[in-house]
Amino acid sequence: METLQKICLVFTIIGAIVWGIIGIFDFNIVTWIFGTSILSNIIYIIVGICGLINICLLFNHIEAK
């Protein structure tokens, strides 16, 4: 399970960097690389699922204390 958590954390960090680039430069690197295709939607879905997993990990960590 620890490997999955680390993978999700990496995807969440990458997603945050992409959002930062969108906010600062108004440039969507995912759309630039993959276009507006189903692949870009899949990437956004994966990052969103990883974010939800990280939220669950946060609450599990709080309950463990």
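Modeller: Start with contact: two residues touch when they have heavy atoms within 4.5 Å. By that rule, Asn-54 is in contact with Gln-5, Cys-8, Leu-9 and Thr-12, leaving aside its neighbours within four places in sequence. Keep in mind that this is a predicted model, where local features need pLDDT of at least 70, side-chain atom pairs count only at pLDDT 80 or more, and totals for chains, interfaces and linings use all residues. Residues are numbered from 1 along each chain as its sequence is written, and side-chain values use heavy atoms, with hydrogens and water left out.

Biologist: Where is Asn-54 found, and why does Asn-54 count as buried or exposed?

Modeller: Asn-54 is found in helix H3. Buried means under 20% relative accessible area, exposed means over 50%, and partly exposed lies in between (1.4 Å probe, protein chains only). Asn-54 has 17% relative accessibility, so it counts as buried.

Biologist: What makes a stretch a helix, and how many helices and strands are there?

Modeller: Helices (H or I, at least four residues) and strands (E, at least two) are DSSP runs, numbered from the N terminus. The protein chain has three helices and zero strands. From the N terminus on, its elements run α-α-α.

Biologist: How do you know whether the protein chain is spread out or compact?

Modeller: For 65 residues the rule gives 11 Å, and the protein chain has 14 Å, well over that, so it is more spread out than a compact globule. Along its principal axes, the C-alpha trace spans about 45 × 25 × 15 Å. Of the 65 residues, 11% count as buried.

Biologist: What makes something a pocket, and what volume does the largest pocket have?

Modeller: On a 1 Å grid over the protein atoms alone, a pocket is an open set of points with protein on both sides within 12 Å along at least five of seven lines; a 1.4 Å probe fits but cannot get out of a cavity, and lining residues have an atom within 4 Å of a point. Grid points are joined across faces, edges and corners, and a volume is the space filled by probe spheres set on the points. The largest pocket has about 220 Å³. Its lining includes Phe-11, Ile-14, Trp-19, Phe-34 and Tyr-44. Helices H1 (2-25), H2 (29-34) and H3 (38-64) each give two or more residues. H1 has the largest share, six residues.

Biologist: How many nonpolar, polar and charged residues are in that lining?

Modeller: Ala, Val, Leu, Ile, Met, Phe, Trp, Tyr, Cys and Pro count as nonpolar, Asp, Glu, Lys and Arg as charged, and the others, Gly among them, as polar. The lining has 11 nonpolar, one polar and no charged residues.

Biologist: Why is Ile-14 called partly exposed?

Modeller: Ile-14 is at 44% relative accessibility, so it counts as partly exposed. Ile-14 sits in helix H1. Ile-14 and Val-47 are 33 residues apart in sequence and 8.3 Å apart in space, C-alpha to C-alpha.

Biologist: Why is Asp-26 called exposed, and what is its phi?

Modeller: Asp-26 has a relative accessible area of 71%, so it is exposed. Asp-26 is found in the loop between H1 and H2. Its phi is positive, about 55°, although Asp-26 is not a glycine. Ile-21 touches Asp-26 and Phe-27, not counting residues up to four places away in sequence.

Technical notes:
The radius of gyration is taken over C-alpha atoms; the globule rule is 2.2 Å times the number of residues to the power 0.38.
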